[in-house]
Amino acid sequence: MAVYKEQISVKSHGKTPTYVDITPQVKEAIEKSGIQNGICTVISPHTTCSVFFEEFVHDYNKDGDEFLQEDLNHVLEKIIPDQTSADIYVYPGEKHYEAVESWPNAEEYLPGGDRTALWNCDAHLKATLIGSSQVFEVDNGKLGVGTTGYVYFADFDRTRPRTRKCKIIVMGE
């Protein structure tokens, strides 16, 4: 059995959840792997990000999100409201603030010492609910999904723009 690994970068914009169609990169990784039959696993190593499989939608809202993504945002907002104050969720607690403030790269997580940059409990919960990975069939060297099936990377953290990682692992023969 062969194993092929690749890491791609995904840019999030902050302010609202970021959705990125990574289907072309997944298909390219499968092609580069040379694997004809097996599985492809797509993983986000970030605790506020998810990987999911959904139908491609041809309609977009004013922010550039597909209509299904806009609907997903509305449903998730009903279940898990955005964290807009320290009082909405228990996380982050004082010990977490203090721990992050002690990190050598604290400025990356708390720009200017602004503790509101850690108000992302909703993003953690949404990513937990959606999941951080998906597994797909590799069939005859191709991504084994239907015509309208697309792979999306989502960053639910609205605190700031970031560059995120996504790992693609193809295994098989």
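Me: Which element gives the largest share of the lining of the largest pocket?

Reply: Rolling a probe the size of a water molecule over the atoms shows where empty space is left. A pocket is an open set of points, on a 1 Å grid over the protein atoms alone, where a 1.4 Å probe fits, with protein on both sides within 12 Å along at least five of seven lines; lining residues have an atom within 4 Å of a point. Strand 8 contributes the largest share here, three residues. Helices (H or I, at least four residues) and strands (E, at least two) are DSSP runs, numbered from the N terminus. The model is predicted: local features need pLDDT of at least 70 and side-chain atom pairs pLDDT 80 or more, whereas totals for chains, interfaces and linings use all residues. Residues are numbered from 1 along each chain as its sequence is written, and side-chain values use heavy atoms, with hydrogens and water left out.

Me: How much space lies in the largest pocket, and which residues are closest to its centre?

Reply: The space in the largest pocket is about 310 Å³, a volume being the space filled by probe spheres set on the points, which are joined across faces, edges and corners. Its lining numbers 18 residues, with Thr47, Tyr109, Arg160, Arg162 and Arg164 closest to the centre. At least two lining residues come from each of helix 3 (94-102), helix 4 (106-109) and strand 8 (162-172). By class, the lining holds six nonpolar, seven polar and five charged residues; Ala, Val, Leu, Ile, Met, Phe, Trp, Tyr, Cys and Pro count as nonpolar, Asp, Glu, Lys and Arg as charged, and the others, Gly among them, as polar.

Me: What lines the second largest pocket, and how does its lining divide by class?

Reply: This pocket holds about 220 Å³ of space. It has 13 lining residues, and Thr16, Pro17, Glu70, Asn73 and His74 lie nearest its centre. Helix 2 (residues 67-79) gives the largest share, four residues. The lining has eight charged, four polar and one nonpolar residue.

Me: How many aromatic pairs does the structure hold?

Reply: A pair of aromatic rings is described by the distance of the centres and the angle of the planes. Rings of Phe, Tyr and Trp (its six-membered ring) pair if their centres lie within 6.5 Å; planes under 30 degrees apart count as stacked, over 60 as edge-to-face and the rest as tilted. The structure holds seven such pairs. In one of them, the ring centres of tyrosine 19 and phenylalanine 52 lie 6.0 Å apart with planes at 90°, so the pair is edge-to-face. Because tyrosine 19 belongs to strand 2 (residues 18-21) and phenylalanine 52 to strand 4 (residues 49-55), this pair ties together parts 33 residues apart in sequence.

Me: With which other ring does phenylalanine 52 make a stacked pair?

Reply: The partner is tyrosine 152: the centres are 5.5 Å apart and the planes at 20°, so the pair is stacked. It links distant parts of the chain, strand 4 with strand 7 (residues 149-155), 100 residues apart. Ring pairs join Tyr19, Phe52, Phe56, Tyr150, Tyr152 and Phe156 into a cluster.

Me: Why does phenylalanine 52 count as buried, and why does tyrosine 152?

Reply: Buried means under 20% relative accessible area, exposed over 50%, and partly exposed in between (1.4 Å probe, protein chains only). Phenylalanine 52 has 9% relative accessibility and therefore counts as buried; tyrosine 152, at 1%, is therefore buried too.

Me: Which residues of helix 5 are buried, and against what do they pack?

Reply: In helix 5 (residues 121-130), the buried residues are Cys121, Asp122, Ala123, His124, Lys126 and Ala127. They pack against strand 4 and helix 2. Just after helix 5, glycine 131 has a positive phi of about 105°.

Me: Where are lysine 15 and asparagine 140, and what is the phi of each?

Reply: Lysine 15 sits in the loop between strand 1 (2-12) and strand 2; its phi is near 70°, a positive value in a residue other than glycine. At 71% relative accessibility, lysine 15 counts as exposed. Asparagine 140, in the loop between strand 5 (133-139) and strand 6 (142-143), has a positive phi near 55°. Its relative accessibility is 54%, so asparagine 140 counts as exposed.

Me: Which residues does a cis peptide bond join?

Reply: The cis bond joins tyrosine 91 and proline 92, with omega about -10°. Proline 92 is placed in the loop between helix 2 and helix 3.

How values were computed:
Contact means heavy atoms within 4.5 Å.
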